Amino acid sequence: MPVEVTWWGHATCTVEDSNVRVLTDPLFARRLAHLRRRRGDLPPPDAWRADVAVVSHLHADHLHVPSLARLAQGTHLLVPAGASRAVPGLRRLTQLRVTEMAPGDVTSVGRVTVRAVPARHDGRRLPVGPHRSPALGYVIEGEGRTYFAGDTGLFESMAKEVGPVDVTLLPVGGWGPYLGEGHLDAGRAAEALARLVPRSAVPVHYGTYWPIGMDAVRPHEFHAPGDEFARLAAERAPGVSVHRLAHGESVRLEVAR
């Protein structure tokens, strides 16, 4: 059975493997603080359906409590260790089964395992304050192995920590004209691809949200990262198939099992 990936926008994807639906960093808002959704329809109610949802870190565009509140009763939610203390709103989501994860932790859902792996990113809820929760990526293993990177920069041990994978969901941009430390742009994402050497890659975390009033500020940073990643990936990791999805589009990916 192939792995099916649907990109809903930003870092939100559904990964279907072994009849298990895994939802990444659910964000179903038209507007979030100073950001507005500029491209793609809001994900339909079918996007809210998942057996397990994973949250990579505590920033509000990745851990969005109102979006998590739309998940069905009994959905398993994996969050970074310490998240329930740092984000009080999580404790009100009593319909969800919340499990806190640290790098190396593994949770099983049906015939799928989800393993937390390190990320290099500022995982704090607010721009200032103590570091109480790690930023994470996740490896989803069933018939295939899919790596959802969350937000991360390149780091030396990335390939070792992640391990062999068939599919990568890599951030290639952001929500503003400048990317700070702890992010992948198209070039760094292509370098990550060369280190990880999966069979397939799907670029995410670009071309969805943009600051209100900044439409004309470096607009190529909003539109271009997906195409730029595909171009650079062809140079640096020519054996990897890159699937640049439109919002709401799905792709079925064969895996080597």
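What should the twelve residues of helix α6 span at 1.5 Å a residue, and how far apart are its end C-alpha atoms?

**Entry 1: ground rules.** I am working on a predicted model, where local features need pLDDT of at least 70, side-chain atom pairs count only at pLDDT 80 or more, and totals for chains, interfaces and linings use all residues. Residues are numbered from 1 along each chain as its sequence is written, and side-chain values use heavy atoms, with hydrogens and water left out. I take helices (H or I, at least four residues) and strands (E, at least two) as DSSP runs, numbered from the N terminus.

**Entry 2: helix α6.** I checked the span of α6, residues 225–236. The expected value is 1.5 Å times one less than the number of residues. That should give 16 Å, and the end C-alpha atoms are 16 Å apart, which agrees.

Next I looked up burial. Buried means under 20% relative accessible area, exposed over 50%, and partly exposed in between (1.4 Å probe, protein chains only). P225, G226, F229, L232 and A233 are buried in α6. Down the axis of α6, these buried residues fall within an arc of 130°, so they line one face of the helix. The arc is taken from the directions from the helix axis to the C-beta atoms. An α-helix has 3.6 residues a turn, so residues three or four places apart point the same way. On the other side of α6, I found A234 and E235 exposed.

What do the buried residues of α6 pack against? I listed β13 (167–171), α4 (186–196), β14 (200–204), α5 (220–223) and β16 (241–242). Contact means heavy atoms within 4.5 Å.

**Entry 3: R39.** I located R39 in the loop between β5 (35–37) and β6 (52–54). R39 is partly exposed, at a relative accessible area of 27%. Neighbours within four places in sequence aside, R39 is in contact with G207, T208, F222, H223, R244 and H247. The side chains of R39 and H223 make a polar contact at 2.5 Å. That term needs a pair of N or O atoms within 3.5 Å; within protein, one must be able to donate a hydrogen and the other to accept it, and residues adjacent in sequence count only if both atoms are side-chain atoms. I also looked up W210: R39 and W210 are 171 residues apart in sequence, yet 9.4 Å apart in space, C-alpha to C-alpha.

**Entry 4: positive phi.** Which is buried and which is exposed, N19 or D25? N19 has a positive phi of about 65° although it is not a glycine. N19 sits in the loop between β2 (12–17) and β3 (20–24). N19 is exposed, with a relative accessible area of 62%. D25, also not a glycine, has a positive phi near 35°. D25 lies in the loop between β3 and β4 (31–32). D25 is buried, at 0%.

**Entry 5: strands.** Two strands pair if DSSP finds at least two bridges between them. I counted six bridges between β10 (112–118) and β11, antiparallel. P118 stands opposite L136 in β11. Four bridges join β11 to β12 (145–148), again antiparallel. A hairpin of three residues links β11 to β12. Five of the six residues of β11 (136–141) are buried.

I then traced an open sheet of seven strands in the order β8-β7-β6-β3-β2-β1-β17, with mixed pairing. Its edge strands are β8 (97–101) and β17 (249–253).
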